[in-house]
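Me: Can you walk me through a helix and some charge pairs in this one? I'll ask as I go.

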Amino acid sequence: MRTCRADAARMLTVVLATSVLLAGCGSSGPSPRAWAASVCSALTPWRAEISKLTSSTDQQMTAQTTPAQAKENLVRLFGGAEQASEDARRKVEQAGVPTVENGAEISEGFRASLASMRDAYGRARATIDGLSTGEPRVFYDGVQTAVETLQQDYDASALDTSRLNSEELKRAFDEVPECH
């Protein structure tokens, strides 16, 4: 009877130890390369959308349209950039936390930067949406102010890469094809 209990206790210990080890493996984050690939895959369509927005906004500001048409187009463009920023933020969040020192802080920095950009586009969209189109000069002055504020907000939300002290992540971002 003692041997059966001792064997059962040893077996339980082995099962519990194995469960703890497997749980630890399952809950660890992605490797630096996998995380960098996911982040770059999330940011590539976002960058394309922002580039398109910038070009379209420049065209809109010089096009011969009515203030109402310009307002509709700019609200749509900034709304698209707001959504693209949120999509990228959500994909970075889904990428998890890289298995590097300060991985959680690094991941949070990326997400916070994208959330700030999303919010900046949202504020610009709301500001332009609230402008009256009755007086063209006043409308375009308001648009100019909204775009200048957006640029300031955008610059302030930039990711502080000096805090990315992970050599593993720097190397991963340099090496994975998704980042090129």
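Me: How many residues does helix α5 have, and what span does it reach?
Reply: In this predicted model, helix α5 runs over residues 136-156, which makes 21 residues, and from its first C-alpha to its last it reaches 30 Å, close to the 30 Å expected at 1.5 Å a residue.

Me: Which residues of α5 are buried?
Reply: Phe139, Gly142, Val143, Ala146 and Leu150 are buried, and they lie on the same side of α5 because they cover an arc of only 100 degrees around the axis. On the other side of α5, Arg137, Gln152 and Ala156 are exposed.

Me: Switching to charges, what does the salt bridge count come to?
Reply: The count comes to 11 salt bridges. One of them pairs Glu49 with Lys52, whose closest N and O atoms are 3.6 Å apart.

Me: Where do Glu49 and Lys52 sit in helix α2 relative to each other?
Reply: They are three residues apart in α2 (residues 32-62), so about one helical turn separates Glu49 from Lys52. Glu49 is partly exposed at a relative accessible area of 23%, and Lys52 is likewise partly exposed, at 48%.

Me: And what about Arg90 and Asp87?
Reply: Their side chains meet in a salt bridge at 3.1 Å, N to O, and both residues lie in helix α3 (residues 67-94), three residues apart. Arg90 is partly exposed at 33% relative accessible area, while Asp87 is partly exposed at 25%.

Me: What links Glu167 and Lys170?
Reply: Glu167 forms a salt bridge with Lys170, with 3.6 Å between the closest N and O atoms. Elsewhere, salt bridges that share partners join Glu86, Arg89, Glu93, Arg118 and Asp119 into one network.

Technical notes: Residues are numbered from 1 along each chain as its sequence is written. This is a predicted model: local features need pLDDT of at least 70, side-chain atom pairs count only at pLDDT 80 or more; totals for chains, interfaces and linings use all residues. Side-chain values use heavy atoms; hydrogens and water are left out. Helices (H or I, at least four residues) and strands (E, at least two) are DSSP runs, numbered from the N terminus. The expected span of a helix is 1.5 Å times one less than its number of residues. Buried means under 20% relative accessible area, exposed over 50%, partly exposed in between (1.4 Å probe, protein chains only). The arc is that of the directions from the helix axis to the C-beta atoms. A salt bridge is a side-chain nitrogen of Lys or Arg within 4 Å of a carboxyl oxygen of Asp or Glu.
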